[in-house]
Amino acid sequence: MELSKRVLSMQHSPIRRFNVFAFEAEKKGKRVYHLNIGQPDVETPPCFMEAIRNFDKKVIAYSESGGETVLQDAIINYFKGYDMDFERKNILITNGGSEALNMIFVSLLNPGDEVLIAEPFYTNYHTFVTQSAGKVVPLTTKAEEGYDFAKSDLIEAAITPKTKAICCISPGNPTGRVLSLEDMKLIGDIAKKHDLWIIADEVYREFAYDNRDATSFGMFPEYADRVVIVDSVSKRFSACGARVGCVVSKNQELMDAIMKLAQGRLCCPTLDQIGAAALYNLDKSYYDEVKAEYEGRRDVVYEELMKIPGVVCQKPGGAFYMTAKLPVESVEDFLIFLLKEFDDKGETVMFAPAEGFYGTPGLGKDEMRIAYVLNKEDMRRGVELIRLGLERYNAR
Ligand SMILES: Cc1ncc(COP(=O)(O)O)c(C=O)c1O
């Protein structure tokens with residue numbers, strides 16, 4: 001018996017792969033600061049639970065395959081807040097942004113079709129694109145340049161007759177890079193010139209710091225027929241376990257295609273959609289509060305990282321991740337050392353090695369991704385442990 005070549009070519013998540021070492025360390029009584037996964041500690045707004053408590057139907061029935069209308073309407077209302085006009089037919093509710101991405105790639109790609117993505121990128125894109133028999137073509141960016149990918153020479157050089165789409169994750173995971181409206185225009189014009197789809201993963205939309213405004217590819221009417229936006233409640237509302245996201249597009253042909261996949265999996269969980277509708281109806285002041293919290297954490301992490309000799313990192317503009325180069329040959333080896341051999345007063349730290357976020361083999365071996373999802377004090381201690389660990393690791 002054999003498994004498919006497609007699934008065999010996929011990798012396990014580099015974000016979760018080292019959990020076994022962390023569990024071992026914890027079993028031995030060490031405290032491990034988990035800076036490896038984008039699971040925020042910010043409280044989910046109570047309106048989510050309230051809406052579910054107030055659900056008064058006697059049966060939890062299937063909802064519409066495209067989603068509960070109450071949620072679609074809340075999302076329409078949310079986008080109106082940014083002067084973007086969508087209708088119900090433009091919004092299809094999914095099981096998180098993850099299912100949205102899966103459905104988009106299945107709908108757009110033929111075997112061998114190429115998708116441009118700036119690397120390092122959110123590692124599950126490997127899985128999503130491979131599952132659809134497509135190929136990720138990485139646009140390599142550098143720590144020294146703040147992981148900038150809005151460059152016409154970089155993008156144009158990667159386009160081939162097989163290129164089908166360009167993915168823009170902004171604010172970015174794992175780099176925190178935020179596209180400005182000018183950057184989006186540059187990318188949009190290239191996509192138009194080469195007739196490419198624009199897959200806009202905007203699940204961190206509001207987490208744009210230093211007085212940056214939230215931006216979206218949905219703000220450009222001239223690209224409306226080629227833009228497909230991925231959205232989610234996971235990060236914005238700290239509701240990762242709700243598994244509610246959506247596909248947003250004015251390209252009706254694409255939306256009709258995705259509807260076939262949505263009908264195949266029947267529907268998303270009804271109650272989570274009811275709770276999510278309450279989240280999307282929250283006042284905009286909610287975003288300001290959460291954003292201020294993450295911005296403060298980013299500053300702490302950056303300040304602490306800059307105390308480490310040999311670290312290369314530019315202050316990221318958004319999301320809640322920071323990717324940095326460390327003065328070691330193999331960040332993976334250093335992480336295993338931290339979890340197996342190191343502690344300071346019974347404490348150690350865990351992050352995600354960045355190699356798995358690259359599409360180009362061999363890149364990212366000396367880079368790590370930190371998720372600043374813990375409170376400031378814990379983040380400060382976590383980065384201090386990286387510094388102390390490095391001193392001990394490099395002194396061996
Ligand atoms: C860039 C990006 N897109 C999509 C997702 C998927 O999130 P979810 O399926 O929880 O909406 C994540 C999760 O970490 C992410 O970082």
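A polar contact is a pair of N or O atoms within 3.5 Å. Keep that cut-off in mind as you look through these close-up views of a predicted model.

View 1. Start with R243, where a polar side-chain atom lies 2.8 Å from an oxygen atom of the ligand. Look next at S234, whose polar side-chain atom is 2.6 Å from a ligand oxygen atom. Y204 also takes part, with a polar side-chain atom 2.7 Å from an oxygen atom of the ligand. On its own the ligand would expose 390 Å², and the protein buries 94% of that.

**View 2. The shell around the ligand has 13 residues.** Coming nearest are G97, S98, D201, S232 and S234. Helix α5, covering residues 96-108, gives the most to this shell, with 3 residues. Sorted by class, the shell holds 4 nonpolar, 6 polar and 3 charged residues. If you are wondering about the space itself, the ligand takes up the largest pocket.

**View 3. A cavity within the protein.** How many cavities of 30 Å³ or more does a search of the whole structure find? There is 1, and the largest cavity holds about 100 Å³ of space. Its lining is made of 13 residues, and A118, P120, F149, I169 and T175 lie nearest the centre. Strands β3 (114-119) and β5 (163-169) are the elements that give two or more residues to this lining. By class, the lining of the largest cavity has 8 nonpolar, 4 polar and 1 charged residues.

Terms used:
Residues are numbered from 1 along each chain as its sequence is written. This is a predicted model: local features need pLDDT of at least 70, side-chain atom pairs count only at pLDDT 80 or more; totals for chains, interfaces and linings use all residues. Side-chain values use heavy atoms; hydrogens and water are left out. A residue is near a molecule or strand if one of its heavy atoms lies within 4 Å of it. A polar contact is a pair of N or O atoms within 3.5 Å; within protein, one must be able to donate a hydrogen and the other to accept it, and residues adjacent in sequence count only if both atoms are side-chain atoms. Accessible areas come from the Shrake-Rupley method with a 1.4 Å probe; for residues, only the protein chains shown count as cover. On a 1 Å grid over the protein atoms alone, a cavity is a set of points where a 1.4 Å probe fits but cannot get out, and a pocket is an open set with protein on both sides within 12 Å along at least five of seven lines; lining residues have an atom within 4 Å of a point. A molecule sits in a cavity or pocket if more than half of its atoms lie within 2 Å of its grid points. Helices (H or I, at least four residues) and strands (E, at least two) are DSSP runs, numbered from the N terminus. Ala, Val, Leu, Ile, Met, Phe, Trp, Tyr, Cys and Pro count as nonpolar, Asp, Glu, Lys and Arg as charged, and the others, Gly among them, as polar. Grid points are joined across faces, edges and corners, and a volume is the space filled by probe spheres set on the points.
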